[in-house]
Amino acid sequence: MVPLRSISIFTFGFLLLFLCSSSADQQPFAVDGKVLELDESNFEAAISTFDYMFVDFYAPWCGHCKRLSPELDKASVNLAVLKQPVVIAKVDADKYSRLASKYEIDGFPTLKVFMHGVPTDYYGPRKADLLVRFLKKFVAPDVSVLNSDSAISEFIEEAGKNFPIFIGFGLNESVISHLAVKYKKSAWFSVAKDFSDKTMELYNFDKVPALVALHLSYNEQSIFYGPFEEKFLEDYIKQSLLPLVLSINQDTLKSLKDDKRKIVLTIVEDEDDEKSKGLVKLLKAAASANRDLVFAFVGFKQWQDFAESFEVSKKIKLPKMIVWDGDVEYFSVIGSDSVEDEDQGSQITRFLKGYREGSVIQKHIISDDYKAFRNSMFLIGALILVLFVILVSMMMQSVKEEPSREQIDHPRSSTSLSEAREALRSGDKEDKID
C-alpha cells in the first residue's frame, strides 16, 4: 500500500510540473534583443504576443537577405530596449510556403511591420541605425501632445529628417487623430497646446489654428489655415507628404506608389549641374501654385534607363517636360517639347496651361516587349553582317578542298521590366520567386 504522503508529494510535483509547462507555453517568446526565427507553428502566436513586430520574410539563397541579416541583428538590440519595444523576427518564406502565400510574399526579402497583428509593408531603409529610427515612429503615439516650446523642439529633433512632420498649433488632437492613424507610416503628427510668440515667428504663422508641415531634409515648410473639415485637411496632408519637387531615383520612386496625382516630370541632362538646380527652383514655385500635381525631376546622367522610357536619348534636347500617370501613360504638351535656357519660368507656365487645356499628345512608355523587339532587330542586323563577312571569307577560301566553316552562336535578347513601373507596382522586392 502506497502511503498517502507519497501520493500527495507525487501529485504536488505533477501539478507543479504542469503549471510550469503551461506557463512556458503561454510565454514562449522573450524580448532579449535577439532576432526570432519563426515558422508556421508559432508565427501567429508571436504576432499575438507582441504589439509591434518587424518581420523579414527571406530565402536562404537570397543575396540581399544575407546582407540584410547582420543589420537586423544590430537593430534588434536597440529596438528591444525601447519603452515600447519592437521585436524583429525572420521567416524562411521559401520553406514555409503557406505563410508566404498568406502574406502575399512574391520576392525576397519582403519586410512587414505587424502592429497589433495587422501587417504593413515596409519600404524604409535597411541600415541598422536608420531602421531603428524608422521603427521608433511606428511605436510612437499617433498624435503627440506638446505643451511647451522645448517640447516642440525635442519632438522635431526626435522625429529626424526621414519623414514629414505635421504640427497643429492651437488644434485639438481629435481634429487630426483619424488622419494621423491613416498616414502614420508616412509622417509624424503632433499638436502644440502651449507655445510662445517666438515659436510662431520661427515657423512663420501669424494666427491659430494652423497646421504646419515640415520637410527638414528638403528645408521646406508649408502652412494650412483651414478649413479643417476632414476632406480639406486630408487633401493638404496628402499633398504635403512629398516635397515640392521630388528627385526621382529607385528609392524615392516608391513614395509615389500611393499618390494618385499626375506627375509633372522634368528630365534634365545632369541634375547636379547649376542650370538644373536653377530650373528646380523654378519648378518649386510652380509646384506651390499647383498642389494637385506632383512635380519631379530626373537626370539623364543619373538614371538613363528610366529617362529612355519617355523617348529620351542622347540626341534629344534637354530639359524636357512631360506629365506621367505613374504607370504606362504620359503626355507631351504640344509646342513644349523642351525647355530653353531663356525665361524658363514662362515656359513652365505655358507647359502647365497647355496640359490643363488638353493641348497634349498621349503616349505610352516604351514597353518591355518593344524594347525586346528593338534589341532583337539590332541583333538580327548584326547577325546578317557577320554572315556576310563569313560568306566572303568562305568564297576567298573556295580553292581549298574542304572550306572551313564557322559556327555562329546566336545571342539572346533579354530585357527586364521597366524600372519605373516595377518600383511602383511591386515595391522593394529584390529577388523574385520563380
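Me: Which residue in β14 does T266 stand opposite?

Reply: T266 faces F297 of β14. Strands in a sheet pair through backbone hydrogen bonds, parallel or antiparallel. Here β13 (residues 263-268) and β14 (residues 294-299) run parallel, joined by six bridges. Two strands pair if DSSP finds at least two bridges between them; strands are DSSP runs of E, at least two residues, and helices are runs of H or I, at least four, numbered from the N terminus.

Me: What should I keep in mind about the model?

Reply: It is predicted: local features need pLDDT of at least 70, side-chain atom pairs count only at pLDDT 80 or more, and totals for chains, interfaces and linings use all residues. Residues are numbered from 1 along each chain as its sequence is written, and side-chain values use heavy atoms, leaving out hydrogens and water.

Me: In what order do the six strands of the open sheet lie?

Reply: The order is β12-β14-β13-β15-β16-β17, with mixed pairing. β12 (245-247) and β17 (360-364) are the edge strands, each pairing on one side only.

Me: How are α3 and α5 packed?

Reply: Two packed helices are described by the angle between their axes and the distance between the axes. For α3 (residues 63-80) and α5 (residues 128-139), the angle is about 45° and the axes are 8 Å apart. Axes are lines fitted to C-alpha atoms, for helices over the stretch in contact, and angles run from 0 to 180 degrees between N-to-C directions. The two helices are therefore oblique; under 35 degrees counts as roughly parallel, over 145 as roughly antiparallel, 65 to 115 as roughly perpendicular, and the rest as oblique.
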